[in-house]
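Thank you all for coming; I would like to take a few minutes to walk through one model, going from its overall division down to single residues. Please have a look at the structure first.

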Amino acid sequence: MRAAYMYGAGDVRVIDVPDPAVKHPTDAVVRVIRSCICGSDLHPYHNKPATGEGTSMGHEFLGIVQDTGPEVGTVKPGDLVIAPFAWSDGTCDFCREGLQTSCRHGGFWNAGDVGGGQAEAVRVPLADGTLVPVPGIDENSPLLPSLLTLSDVYGTGHHAAVKGRVTPRTTVTVIGDGAVGLMAVLSAKRLGAEQIILMGRHTDRTDLGREFGATDVVAARGAEGIAEVRDLTGGDGTHVVLEAVGHMPAYEQALGVVRAGGTISRVGVPQYEQAPVGFSTLFGPNITLTGGPAPARAYISTLLPDILDGTVNPGKVFDQQISLDQTPAGYQAMDNRSALKVLIRP
Ligand SMILES: [Zn+2]
């Protein structure tokens, strides 16, 4: 089969690799019908050392089950399934607590002998715990882009809002107008927030953010951006800040716009290990710092009904569609910001 591999920064190739096959009794093999490129794929696209050895890519996909091991019970060949960005058993204590990203027996795509979603097919470990079948949807459904967001970005935006404890009584700032930031806006709106300030500089993206529920847009960054958010909130900042970027300036921005007693919820993968947490930043004003990788698997059943009945259309974040062989160009488009999020149709 064909699969996208990354060989180093800026070096993505689509190559021939062996077809995946059931290896363990709890595996399924899924033929990928839609996958995509994630903002987090851009981190290795910038930093990955060129070792000569490629790594499979992609952690968001929808597919059709092709084959299952003898112990798989909840999905069968022919089922259309959503794969979250981590695989998990669904039965351990962490999974039962809804934290499938910490599953005692789970893991992530593109590690060890598990491939990735930017490919024609994937071997899915622990298929019963990992995959969510969507009955009544076929592979030509116009809902596929929105269903694909449940693999990662919509679940991640929702996780930001849940960890930030967004309610109808909270005001919210979202930092970042990438796909996750826009999903955080949609999620804050879904949880009832009345004021949602989106900080982002790309008008086409912030326009979509307004469509998803942003009440205000602040394009300025740094001290000027902080001052604008404070102006919009009577000088105080917002109860909740959803940080969907991951770089230090975004964290500093969050510190600048959070209200005393408020919460900073981070879902942008932090590209730093050290950050201010002392008296003048978090401690003095009683700020809660939270967030982390979203247990996307836990949220699929919560978020799915609104997609199926058309209440929300998170699939609008996909503004470019390519074939699997065009994946290298898709990375370029995401990297140079000419695409918000690229959908791959193998
Ligand atoms: Zn588990």
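What follows is a description of the domains, the core, some strands and helices, and a few individual residues.

Before I start, please keep in mind that this is a predicted model, in which local features need pLDDT of at least 70 and side-chain atom pairs count only at pLDDT 80 or more, while totals for chains, interfaces and linings use all residues. Residues are numbered from 1 along each chain as its sequence is written.

Let me begin with the domains. The protein chain is divided into domain 1, which covers 2-152 + 295-345, and domain 2, which covers 157-291; these bounds come from an automatic or database domain assignment. Taken over C-alpha atoms, the centres of domain 1 and domain 2 are 27 Å apart. To the contact between them, domain 1 contributes 13 residues and domain 2 contributes 13 residues, where two residues are in contact if their C-beta atoms, placed from the backbone, lie within 7 Å.

Now to the core. I call a residue buried if 20 or more other C-beta atoms lie within 10 Å of its own, exposed if 12 or fewer do, and partly exposed in between, with C-beta atoms placed from the backbone. A nonpolar core is then a set of buried Ala, Val, Leu, Ile, Met, Phe, Trp, Tyr and Cys residues joined through C-beta atoms within 7 Å. The largest such core has 102 residues, and the ones that touch the most other members are Val 30, Val 174, Ala 184, Val 185, Ala 188 and Leu 242. Helix H6 (residues 179-190) supplies the largest share of this core, with eight residues. Because domain 1 and domain 2 both give residues to this core, it lies between them. As for helices and strands, these are DSSP runs (H or I, at least four residues, for helices; E, at least two, for strands), numbered from the N terminus. If we set aside neighbours within four places in sequence, Val 185 is in contact with Val 174, Ile 196, Leu 198, Gly 209, Phe 212, Gly 213 and Ala 214.

How many residues of strand S3 are buried? Eight of the nine residues in S3 (residues 28-36) are, and the strand is thus mostly covered. I take two strands to pair if DSSP finds at least two bridges between them. S3 pairs with strand S5 (residues 61-68) in the antiparallel sense over seven bridges, and here Arg 31 stands opposite Ile 64. S3 also runs antiparallel to strand S9 (residues 121-124), to which four bridges join it, with Val 29 opposite Arg 123. Two further bridges join S3 to strand S18 (residues 342-345), again antiparallel, and the partner of Ser 35 there is Ile 344.

Let me turn to a helix pair. Helix H5 (residues 153-163) and helix H11 (residues 296-308) pack at an angle of about 95 degrees, with their axes 9 Å apart; the axes are lines fitted to C-alpha atoms over the stretch in contact, and angles run from 0 to 180 degrees between N-to-C directions. H5 and H11 are therefore roughly perpendicular to each other, a label that covers 65 to 115 degrees, whereas angles under 35 count as roughly parallel, over 145 as roughly antiparallel and the rest as oblique. The contact is made by Tyr 154, Gly 155, Thr 156, His 158 and His 159 of H5, together with Ala 296, Tyr 299 and Leu 303 of H11.

Finally, some single residues. Val 218 is found in strand S13 (residues 216-218), and it counts as buried, with 24 C-beta neighbours inside 10 Å. Beyond its neighbours within four places in sequence, Val 218 is in contact with Ile 197, Met 199, Gly 225, Glu 228 and Val 229.

Most residues other than glycine have a negative phi. Asn 110, however, has a positive phi near 65 degrees, and Asn 286 has a positive phi of about 60 degrees. Is each of them buried or exposed? Asn 110, in the loop between strand S8 (107-108) and S9, is buried, with 21 other C-beta atoms within 10 Å. Asn 286, in the loop between H10 and strand S16 (288-291), is exposed, with 10 other C-beta atoms within 10 Å.
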